[in-house]
Amino acid sequence: MIILDVEGKCKGFFEKNRKKLKGGSRSGIISNIWASILSKNGGYRVSMIKIKDYVRVGSLEEAYELNQKRSACILGGMLWTKMGQRQVQTAIDLSGLGLDQIEESEEEFSIGCMVTLRQMEEHEGLNAYTDGAARESVRSIVGVQFRNLATVGGSIFGRFGFSDVLTLFLALDTEVELGRMPLAEFACSKRDRDVLVRLIVKKHEGVTVYQSHRNSRTDFPVLTCAVRVEDGKGCAVLGARPAKAARVELPAELAEKLAAGKASAEELKAAASEISDQFTYGSNMRGSAEYRHHLGRVLLRRCMEEIQKKEEQ
């Protein structure tokens with residue numbers, strides 16, 4: 001059993017050391033705890049998740065049964081979950097089910113839900129297939145320590161608007177194994193009590209390019225972009241708009257020109273503008289809708305230019 005509840009016990013400590021802490025003396029554990037303090041009603045309250053029961057399941061059936069209660073929670077890397085103030089009756093750990101591997105066959109990749117972003121970043125086969133786009137999509141996500149914990153399953157199941165991982169896999173021929181459905185369909189569905197087991201990425205001959213724009217190196221992205229061309233067709237994905245990633249198909253004529261490396265600079269600029277107009281954009285603290293719209297045109301053009309360069313090699 002794990003119980004993470006320090007509220008009340010720490011209040012007296014913080015009251016006694018308020019001046020010292022406010023003065024900037026932050027070291028060791030004090031620094032980490034102080035960062036999570038919220039000022040509320042003139043007092044201090046520690047924001048933490050409270051877990052009553054912890055279960056390391058022995059099968060997917062057991063995990064599914066336990067997860068049917070709204071008070072249950074499947075644990076991934078715990079990087080976002082731990083930041084909330086939530087009561088969890090049963091925490092479900094899938095780490096004993098062997099879902100932390102990337103398996104490759106001639107037809108597809110099978111990526112378990114407990115695979116970390118670092119594993120994805122370093123996998124030679126996946127990066128060779130995506131022309132390095134898998135590595136590029138995660139390399140700016142916080143730092144190596146974070147990527148060693150964050151899981152692919154958590155990144156996809158959360159359907160986060162800022163997700164670099166969702167943007168990449170939407171550009172590929174990807175299915176999620178719940179009852180096996182296309183990722184594009186899953187991304188648009190509402191969250192339920194099902195268990196995401198793995199991603200299935202089907203192999204096709206083609207080229208993938210991923211780019212993103214951030215205000216600072218490891219910040220959340222202002223906009224993410226992935227473009228893929230394969231078998232005479234192609235698609236473009238924009239995420240962090242700030243809505244979750246969405247996909248549109250490229251015109252067949254444009255896809256053929258990209259594959260042949262014959263699209264002119266003027267054609268790419270016009271195509272990027274036309275494709276960018278098909279997406280909707282919103283504003284938040286990282287950028288306005290107009291700025292994101294402009295970035296969409298820029299990133300789409302750069303991705304298509306890079307595809308042409310790779311096709312020429």
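Is Arg159 buried or exposed? I looked it up first. Arg159 counts as buried, because its relative accessibility is 7%. Buried means under 20% relative accessible area, exposed means over 50%, and partly exposed lies in between, with a 1.4 Å probe and protein chains only.

**Ground rules.** I am working from a predicted model, where local features need pLDDT of at least 70, side-chain atom pairs count only at pLDDT 80 or more, and totals for chains, interfaces and linings use all residues. Residues are numbered from 1 along each chain as its sequence is written, and side-chain values use heavy atoms, with hydrogens and water left out.

**Overall.** I count 14 helices and 14 strands in the protein. These are DSSP runs numbered from the N terminus: helices are H or I of at least four residues, strands E of at least two. Of the 313 residues, 44% are buried. I also checked contacts, meaning heavy atoms within 4.5 Å. Among those between residues at least 6 apart in sequence, 62% join residues at least 24 apart.

**Arg159 and H10.** Back to Arg159. Its phi is near 50 degrees, a positive value in a residue other than glycine. Arg159 sits in the loop between helix H9 (152–157) and H10. I then went along helix H10 (residues 164–171) and found eight of its eight residues buried. Among them are Asp164, Thr167 and Phe169. At the start of H10, a side-chain oxygen of Ser163 comes to within 3.4 Å of the backbone nitrogen of Val165.

**The five-stranded sheet.** I traced an open antiparallel sheet in the order S6-S7-S10-S8-S9. Strand S6 (102–104) and strand S9 (181–182) are at the edges with a single partner strand each, so one side of each has no neighbour in the sheet. Two strands pair if DSSP finds at least two bridges between them. Strand S7 (residues 108–112) and strand S10 (residues 198–202) run antiparallel and are joined by five bridges. Gly112 has Arg198 as its bridge partner in S10.

Next I followed S13. Six of its seven residues are buried, so S13 is largely enclosed by the rest of the structure. Seven bridges tie S13 to S12 in the antiparallel sense, and Arg228 stands opposite Cys235. The S12–S13 hairpin has two residues between its strands, and Asp231 in the turn has a positive phi of about 50 degrees. On to S14: S13 and S14 pair antiparallel over four bridges. Cys235 has Glu249 as its bridge partner in S14.

**The S13–S14 turn.** This hairpin has six residues between its strands. Ala240 lies in that loop. Phi of Ala240 is near 60 degrees, again positive in a residue other than glycine. Ala240 is buried, with a relative accessible area of 2%. Pro242 lies in the loop between S13 and strand S14 (246–249) as well. The peptide bond from Arg241 to Pro242 is cis, with omega near 5 degrees.

**H12.** Last, I checked which residues of helix H12 (residues 252–260) are buried: Leu254, Ala255 and Leu258 are. Looking down the axis of H12, I see its buried residues within an arc of 100 degrees, so they line one face of the helix. The arc is that of the directions from the helix axis to the C-beta atoms. Their cover includes strand S12 (221–230), strand S13 (233–239), helix H13 (265–276) and helix H14 (289–312). Gly261 follows H12, with a positive phi near 70 degrees.

Terms used:
Polar contact = N/O pair within 3.5 Å; in protein donor to acceptor, adjacent residues only side chain to side chain.
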